[in-house]
Amino acid sequence: MELFLSQILNGLAIGQVYALIALGFSLVFGVANIINFAQGALFMLGAFIAYSAIAWFGLPLVPAAAVSVVIVAILGLLLERIALRPLIGAPYVAPFLSTLAISTIIDQSAEIVWSPESQPFPASISSTTFFIGNAYITVTDLVIFGFGAAATVALTLFVSFTWTGRALRATAQDASAAAQLGIRTDVMRQIAFGLAGALGALSGILVALYFQSVFPQMGIPFGLKGFAAALLGGLASIPGAVVGGLLLGIGETLASAYVGDSYRDAIAFTLLLLMLLVRPNGLLGGGRLDALGGAGAAAGAMPTTSLLASSSSQQSALRAYYLPPWGFLAVGAAFALVPLVVSSTYVLQALIYGFIFALLSASTSLVSGSVGILSIGQAAFFGVGAYAVGVFARPYGLPADATLAIAIGLTALVAVVAAIPLLKLTGHTAALGTLAIGQIGFLVFLNWVSVTRGPMGILNIPHPVLELLGGLRFATTEQKYWLVLGFAAVALVIAERYVSSPIGRVWRAIREDRLAALAAGLPVRRYILLAFAVSGALAGLAGGLFAYVQQVVSPESFTVETSILVLTMAVLGGLGNLTGAALAGFALAILPEFLRGFAEWRMIVYGLLLLVALRVRPQGLLGAR
Amino acid sequence: MAETDPRIVVDGIDVHYGAVQALFGVSLTVGAREVVAVLGGNASGKSTTIKSVLGLVRPSRGTITLDGAPVNGQRPDAIIARGVASVPEGRRVFPEMSVYENLLLGAYPRRHEAREIAGDLERVYEAFPRLKERRSQLAGTMSGGEQQMLALARAWLRRPTLVCIDEPSMGLSPRFVDQVYEVLQGWKAQGITILLVEQNARMALELADRAYVLQHGRVAVSGTASDLASDPQVRKAYLGAA
């Protein structure tokens, strides 16, 4: 019982921090109607700038924190200015992807500046412990809780009783009406981003104090938890964000105490998915406002219309260029000749990865483009396929036909199960759901040691043998090249046939207007699940082939970076356009081979590519379909 | 209209929404202390006209001048700052804010005049006892008619010299329509210039000095309100006369 109470007190402290991150999401979402994916990156920067101010310049904690909060608030303003303002009136998907790109660039830059390693935070608050009855709480917890609560109260007073605060809320509730009262809604957007930056920095510093360490990858998991807290509370509500944060904090602290610390994050993200399944409007954000016909901002993330459509005007007709299904066989046949003229295993190896990523990028394009559920978790499906081969190829000694069939079937199944919580969601919320799936996948690969061997990974995967072809063994690089090329070409033919068929048409109908699709009597859920099954099968095959080529499977291949990378590929190729996705996947996968020596700049280059593409050609190179 | 310079001059504006053109060379003027109504059926371009004046949409051709200065391409807040208030289409009160806060936001452009605002709030409460009763209630929980009163009162708190009103009778019961027009008659008596967009031509022509009838994005007829009210074509198309 004492442990239980102590955990609750402890959970309140960290929950208060989640509430602050959640408030950053809620403010920006309310005022700008954007889910700011870069909130996590601002959070991480807040922690690191405070870290540097203390460790490099010898500032005491409080001034260091103040400096960090100010700098990150300015960065928040810049973020709005650079990444979002130019995209007003662009397709709905563009601002979200833009914050995703910025967050990738910031995270990777942080790894370059501060090194990718975790570092101890150079300041701490006294670790004196208090007892409340038999439950204990540390001074650190108290200070964190106090600061978090004070910031929340200050924010609430600000938005309730100042002219700027009222104007902010007015803009959140009805931007057009606010503009007609003489409120500068563009300035309100900036203020929201600045405040979100300040809240992000403050929460980053408090987390650094709580866990006594900082690491450049901390942005995504904490950002995601903050989003979970915001969603729990109904996304656009300040008290909701606080309640959501506290519940999440208590929930995960209890889970880590009673289930195990390595499951702390997995449980938080599972809670997020469950929440999406049960109450996508949040605990406090009921349907009350919809019934009264008001508050577009509070009702949901985005209209259920196409991600590719834009709010500003009609779309002018955009042309999409794509291959017919048999075209993939023709291209595949042409590539099959390459080993006859090129003998460099280095080049062939690069091309093999190109094929695998073409497949993976197509699988992402299928759900993200054709069905319109932006997938930021595709790496999890990729990983399931790879681990399926890893687990069944060596200990069970199964041939490649069997292991690849298992990889495809199992991944399709996992994708379908993972899609269930996403069925009711559209737009940004669905995208964050897929991000949670990706994180859960990674955490399972990392922590389910008895099956995946955890961080060590599965080594020495044997060369693939196809029993159906009379025990044909693929041992050399050329042989593997043909194996991967053959599977990739056939899989792409099948996928393109789906997309070009009446099924593909229904998928696009669901993407364009889910309500209309439902009203037309289409079994929307079944079609979404089918899309996830097909996408999962493709990703599973890609993963299986990847395992055979690498001969090693380990969790770091399946991080959120991989998911972001393949989504970038899909967007660059033109969402929903498998030809474009395959081309962009192939090109971006072999690109780093030419940029060797710049390995750490790779994600920055991808992020910049994505930003530029969104500005210049949001429909992708070959055009969205 | 001759004795003073016009407040608003709209001169030959075209407005496009993407590939669709909504206005074709629309021109109109609103004189000082004048009430001008813009009439027309659905999708005739009435709302687009008022939105252009407020800076909510940007004409692709033509000019708009406010008190002699061009306002093309200016942001709504810059136009509101010049003594203009807006009563938007569909009322657009802030549903999750109290009646009091909604009213207060009407005075946003003159937010530094705290004492005057307090006095004007009292006057509003006197004129609309309903709003006083409900001042701490969330605006979204009121009826459509009450919300329209709130939107009118909110615009008045701007203490404007010119008000743009978009379809104030939309979706209201006849009793509330009468109340709305009573308020507008009062504003007219106070000397406030009004640009009114309305589908309810009968009510609008009773209030207005002059009117323009839009059809398919073009001005079809214009003239004094009494001329239009007796024009057989207008009577047939918009006043339901046989």
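**Domain and chain contacts in a predicted model**

Me: What do domain 1 of chain A and domain 2 of chain A bury between them in this predicted model?

Reply: About 3,200 Å² is buried between domain 1 and domain 2 of chain A, with 82% of it on carbon and sulfur atoms. On the side of domain 1 of chain A, the residues that lose the most area to domain 2 of chain A are A:F96, A:L97 and A:L273, together 17% of what that side buries.

Me: Which residue ranges make up the two domains of chain A?

Reply: The domain assignment places residues 2–299 in domain 1 and residues 325–591 + 601–616 in domain 2 of chain A. The centres of these domains, taken over C-alpha atoms, are 32 Å apart, and 38 residues of domain 1 of chain A are in contact with 32 residues of domain 2 of chain A.

Me: How many salt bridges are counted between domain 1 of chain A and domain 2 of chain A?

Reply: The count is 0 salt bridges. α4 (93–114), α9 (219–232) and α11 (264–278) of chain A each supply at least two residues of the side of domain 1 that touches domain 2. α4(A) gives the most to that side, with 14 residues. By class, the side comprises 29 nonpolar, 7 polar and 2 charged residues.

Me: Why is A:S363 called buried?

Reply: The relative accessible area of A:S363 is 0%. The term buried applies under 20%, and A:S363 is therefore classed as buried. A:S363 is found in helix α16 (residues 345–370) of chain A. Not counting residues up to four places away in sequence, A:S363 touches A:Q378, A:S535, A:L538 and A:A539.

Me: What makes the pair A:R169 and B:E101 a salt bridge?

Reply: The closest N and O atoms of A:R169 and B:E101 are 2.3 Å apart. A salt bridge requires a side-chain nitrogen of Lys or Arg within 4 Å of a carboxyl oxygen of Asp or Glu, so a pair that meets this condition is given the name. The count between chain B and chain A is 3 salt bridges, and 4 residue pairs are in polar contact, both at pLDDT 80 or more.

Me: How many residues does each chain bring to the contact between chain B and chain A?

Reply: The contact takes 29 residues from chain B and 27 residues from chain A. The two chains bury about 2,500 Å² between them, 63% of it on carbon and sulfur atoms. B:F94, B:E96 and B:Y108 supply 23% of the area that chain B buries against chain A, more than any other three residues.

How values were computed
Residues numbered from 1 in each chain as written. Chains lettered and ligands numbered in written order. Predicted model: local features only at pLDDT ≥ 70, side-chain atom pairs only at ≥ 80, totals over all residues. Heavy atoms only, no water. Domains from an automatic or database assignment. Contact = heavy atoms within 4.5 Å. Buried area = accessible area lost by both parts, 1.4 Å probe. Helix = DSSP H or I, 4+ residues; strand = E, 2+ residues; numbered from the N terminus. Nonpolar A, V, L, I, M, F, W, Y, C, P; charged D, E, K, R; others polar. Buried < 20%, exposed > 50% of the residue type's maximum accessible area, 1.4 Å probe, protein only. Polar contact = N/O pair within 3.5 Å; in protein donor to acceptor, adjacent residues only side chain to side chain.
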